Structures are given as C-alpha cells and as structure tokens.
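Me: I am new to this structure and would like to learn how to read it. Please take me through some features one at a time.

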Amino acid sequence: MKRNFKFEFLLCLMVLLTINSCKTDKEKGEVSDDKAGPNIVIIYADDLGYGELGVYGATELKTPNLDRLANGGLRFTNGYASSATCTPSRYALLTGVYPWRNKRAKILPGTAPLIIDTAQLTLPKMLKKKGYHTGIVGKWHLGLGDGNVDWNKRIAPGPNEVGFDYSNILAATQDRVPTVYIENGHVVNLDPNDPIEVDYQKNFKGEPTGLDNPEMLKMKWHHGHNNSIVNGIPRIGFMKGGAAALWVDEDMADYFLNEAQQYVRAQKEQPFFLYYALQQPHVPRTPHPRFVGSSGMGPRGDVIVEADWVVGELIKTLETEGVLDNTLIIFSSDNGPVLNDGYYDDAVEKVGNHQPKGPLRGGKYSLFEAGTRVPFFTYWKGTIKPGTSDALVSQLDIFSSIASLVGSDLEGEDSKDILNTFLGKSDMGRDELVLEATSRTAYRKGDWVMIPPYDGPAKNMQVDIELGNDKEYQLYDLKNDIGQEINLAHSNPDKLEEMIKAFEQIRGEGYKKVEQLELK
Ligand code: NG6
Ligand code: CA
C-alpha cells in the first residue's frame, strides 16, 4: 500500500501542536486547572444576631434553609465579625486587615470616597490572580469614587477597581441615599434627563423631608432618618432626581437574588467567587408582600424569613446548575443585632420571646459579645463533614484561608490561614483576636475577654443597647460566663495584667485615642 506521507505529516503536526499548546497553557499558569479550587460564595447578612437562626437556638423564628445549610456544614460557636458595625467589618472581610488600622473604616455616608486603596491587596484580587471570575451582588458600604462623585457618569473607583469583575450594588445602606442600584459603576435605569444629585449636608430646594413632611411617610422615623423621603420612607442624606432609577424597597430581595442567580448561571463554567451581601435585617425593614406577616414578629422577623428564603433559592440554583458539589459557601453577618435602629417598625414591640443576641450581652455597636459574635458557618457538599466547632475564628481569616485553598501564597496582613479549621479538619482556631466596636477595641485570648476603660455612656438609650463602656477594666471568662455578667478584673489581677500586656503589644497606645464622635 502506498503511504500517504503528506497526510501522515499533517497528522503528526496536529498532534504535536496540540501537545504543545496544552503545555504552554499550563506553563504560563493561565489555566490553573490542576490547582483550580472550588467556587466560593460568601453570603453576608446585615445586622443578623447570634441567636437569630434555628440552628443557633432560635425557637420563635423559622429559618429552615439556613438551618439545613448549617446542619449540612460546619457551624462555629465562636465566629466573629471584625467589628460591631458594617463598614469596618466589610473592610476586614475583603482585605484581611484589622479595621482599626484604617482610620476611615467607620460607618460611611453614601457620598464617602472608597476606603480601600486601589493598590491594596483584596480577596477578589487574590482570586482573580488564580483564574477566578469575581462578582459582588448586594450591599457595598465601603465608599465610592474619590469624594466628589457625579452619580450621572461612571462612578469610580468602586468594587470593579478593587478586584470585582462584576458588581451590582447598593452604595451604602438601605436607609442612606442614593437609593439606586449601581451596576459596574453605572446607576441602573438612569434617565439622563432626570439627573441624580446627592448631598449629606443640606437639602435641595423644595424637596420634602421626613422632618418637615410627616404626612408623606409610610414608615415613621424614631431617631435620625429624617432627611429625603424615597418611597414614603425617610432616609439619611438628601437626594434629588433619578425617579426612574429609584429602587423599590420591597423588591430588593428579589432583585439581588435574581442578580446572584444570573451571575452563577453566567460564570459556572469557570471558577467563580460570588460575594452576596444581603441587605436584611438592616433598617428600613421592607419585606416583599409575600413575606409580610410570615414571622409574626413584624417587619424585622419577616425580612429574616425573606433572607432565609433567598439563600434557599440561591442554593437551588447552584444545585440545578450542577455546581453545588464544587462550591464552598461561607455564611455570616457583618455585626450583631439591633431592634430599634431608627424607625418605628414594631421590632421591639413584636419580638416576643425571640432572642436576637442569643445568650450574649450587648448588640450592634457594642464591645460586648453580641456586637461581633455572629452566626458563622461553612458548607461544602461532600467535602466538609457536618458538625460544630468551638474554635475561635474571625472573618479576617477568610482571606488567607481561601488563599491557601486555591494555592495562592498571598496573605492578608492580620488574616490567619486556618483553612483546616474552616474545613473541619482541625479544632484549632486563632488564639487571640482584637474586637472592635465604633472605634473602640477590646481583646479576646483563649476564653478570656478584656475590655479596657472607655469614657462614654454605658448604654445607647435610643437603640437600647449596652455599649461596653466602663471607667474600669473589665475581664470576663466566657467559658463560664458567656453572658459577661461577672467582671473578674479585681479578683484575677494576674490574668488582667497578662491580657492588657498582650493587647497593648498589638494595639500600642492607639486604642486610647478614640474619637468621641464614634462613641455611640
Ligand atoms: C447609624 C444609623 C443606623 C444604621 C447605622 C449603620 C442613625 C441614627 N443610625 O448611624 O440606622 O444605618 O448607622 O448600620 O442614623 S451598619 O450596619 O451599616 O453599620
Ligand atoms: Ca450591619
């Protein structure tokens, strides 16, 4: 038989080219398939307390979807947010840096500039380097622009400039203007003939406010929250224009869920990182009509039921898209609970026997445990064995632990690689942690917590929360006194001394210079 040399040559060439192209891809490290980690989804609630889920002991409120997820994963009993308020916690989550290192990491107005340096290493940047597609859907609250934003042009820098390939966010909080969604830096549905203006100092001429026009309100303000009125709800800050772009508060849960689902569907072919930042149960609590009355606790309970539902729906999407087995899910909350955070919404009146903070003392804004100890669990179907862990873990540690998971040697400055703890392969958490609440800091080591003396009120009467301020040092043994009822500072001076020394080694003298304004 006559050999077809031309054909054989071409075949050889093709085989060689194929082998070679595979090789070069790997060598370049562009296709990290041998290292590629799972998809990563962080679901982050806003102001959800330690005792709020069934799996954390709630009996009056039903959270079946979150309970199922937590029961199928690893639930932490000593999991902490990095601060007792939102901005600093979110800063730490994305950077792996303690928020007290950044003076600007405080509750921000809607007009605040971006507080993450665009040159700074972030969790999404680290993941991008490993071939991940990165997206954020939901609450941002880390500032936008450089201090003088024109809301009618592309708004930058923002999430897309600090590592997110895709962003669809609310700028600050649901109670702060601008009350619009921003997708990749552009206000969604903005009509150029109806430009948006935002100001936190003074109102725009002729625009109604919560203070002057109570007749226009469908939700009444209790403290603060008496500036511009949007959808009958008085907000913090003044805003004008953008009528077509204004969000509908009751649709927000569906809107962000839909965006998160679309993101999963669009990115499922490659490793992706989704930061799904829920707006519930932060004020104003505006459940979709489907959920009104669902908890029997008024709007605050209803939006927790709604949040539980959206999480269930997202899990279903991960399942139907065939990626649930290959997705690490981390659920937590940015800070502890508050009932009355500035609106009359029956949160206090209808709470009944529900204990948002569980057995802990304090709440949002507080240096006591309920400020920062929050629901915290990891879930990875088929990989994480269901269970409970008492290890001390912080949201700060998510950065370096995920880096380790995806084979990156990058680290967050204060972030510990405790990947094995998050995956349930080790009981060892971190041994110490600096706690933060409205610019004040305290220190946990082992089972002990030391709160240094701070001026300022013991309690914020408006929100009815003990803040942790005292003229004396406070020392608590959490193992025997989780409710922080017995101050052991006098009876255990040696322990106190040891704690102060260790704390000051990390904090220096800086912790004494607390800005009065932040002392809630
Ligand atoms: C406070 C608001 C509160 C809430 C909080 C931020 C007043 C009186 N209170 O200043 O309602 O918006 O800021 O919450 O305005 S956080 O969860 O985003 O940190
Ligand atoms: Ca919050």
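Reply: Start with the word contact: two residues are in contact when heavy atoms lie within 4.5 Å. The model is predicted. As a case, take L324, which is in contact with I315, L318, E319, I329, Y379 and K381, leaving aside its neighbours within four places in sequence.

Me: Where is L324 placed, and is L324 buried or exposed?

Reply: L324 has its place in the loop between α6 (299-320) and β13 (327-333). Buried means under 20% relative accessible area. L324 counts as buried because its relative accessibility is 4%.

Me: What does L48 touch, not counting residues up to four places away in sequence?

Reply: L48 touches L53, P281, I304, F331, S333, N335, G336, V374 and P375. It lies in the loop between β1 (39-45) and α2 (64-71). With 4% relative accessibility, L48 counts as buried. L48 and S332 are 284 residues apart along the chain, and 8.3 Å separate their C-alpha atoms.

Me: How should I read backbone angles and peptide bonds?

Reply: Most residues other than glycine have a negative phi, and most peptide bonds are trans. In this model, D47 has a positive phi, near 75 degrees, and is not a glycine. D47 is found in the loop between β1 and α2, and D47 is buried, with a relative accessible area of 1%. S439 also is not a glycine and has a positive phi of about 75 degrees. S439 lies in the loop between β17 and β18 (440-445), and S439 is buried at a relative accessible area of 17%.

Me: Which residues does a cis peptide bond join?

Reply: One cis peptide bond joins V177 and P178, with omega about 0 degrees. P178 is found in the loop between β4 (166-170) and β5 (181-183). Another cis peptide bond joins Q280 and P281, with omega about -5 degrees. The place of P281 is in the loop between β12 and α6, and P281 is among the residues that L48 touches.

Me: How many residues of helix α3 are buried?

Reply: In α3 (residues 86-95), 10 of the 10 residues are buried, so the helix is largely enclosed by the rest of the structure. They are C86, T87, P88, S89, R90, Y91, A92, L93, L94 and T95. The elements covering them include β1, α4 (123-129), β3 (133-139), β12 (272-277), α8 (398-405) and β17 (432-437). After α3 comes G96, whose phi is positive, near 70 degrees.

Me: What should I look for in a nonpolar core?

Reply: In soluble globular proteins, nonpolar side chains tend to be buried together. Here the largest nonpolar core has 106 residues, and W140, L274, Y275 and Y276 have the most contacts inside it. Y276 is in contact with I42, I43, Y44, V137, A253, F256, L257, A260, V310 and L314, again leaving aside its neighbours within four places in sequence. A second, separate core has 31 residues, including F368, A442, I451 and A502.

Me: Into which domains is the protein chain divided?

Reply: There is domain 1 (37-196 + 241-432) and there is domain 2 (434-507). Their centres, taken over C-alpha atoms, are separated by 27 Å. Between them, 31 residues of domain 1 are in contact with 30 residues of domain 2.

Me: What is the volume of the second largest pocket, and which residues are the closest to its centre?

Reply: The second largest pocket has a volume of about 460 Å³. It is lined by 25 residues, of which L339, N340, V348, V463 and D464 are the closest to its centre. β14 (343-344) and β21 (465-466) are the elements that give two or more residues to this lining. By class, the lining has 11 nonpolar, 7 polar and 7 charged residues. Domain 1 and domain 2 each supply at least three residues to the lining of the second largest pocket.

Note on methods
Residues are numbered from 1 along each chain as its sequence is written. Chains are lettered from A and ligands numbered from 1 in the order in which they are written. This is a predicted model: local features need pLDDT of at least 70, side-chain atom pairs count only at pLDDT 80 or more; totals for chains, interfaces and linings use all residues. Side-chain values use heavy atoms; hydrogens and water are left out. On a 1 Å grid over the protein atoms alone, a cavity is a set of points where a 1.4 Å probe fits but cannot get out, and a pocket is an open set with protein on both sides within 12 Å along at least five of seven lines; lining residues have an atom within 4 Å of a point. Grid points are joined across faces, edges and corners, and a volume is the space filled by probe spheres set on the points. Helices (H or I, at least four residues) and strands (E, at least two) are DSSP runs, numbered from the N terminus. Ala, Val, Leu, Ile, Met, Phe, Trp, Tyr, Cys and Pro count as nonpolar, Asp, Glu, Lys and Arg as charged, and the others, Gly among them, as polar. Domain bounds come from an automatic or database domain assignment. A nonpolar core is a set of buried Ala, Val, Leu, Ile, Met, Phe, Trp, Tyr and Cys residues joined through side-chain atoms within 4.5 Å. Buried means under 20% relative accessible area, exposed over 50%, partly exposed in between (1.4 Å probe, protein chains only).
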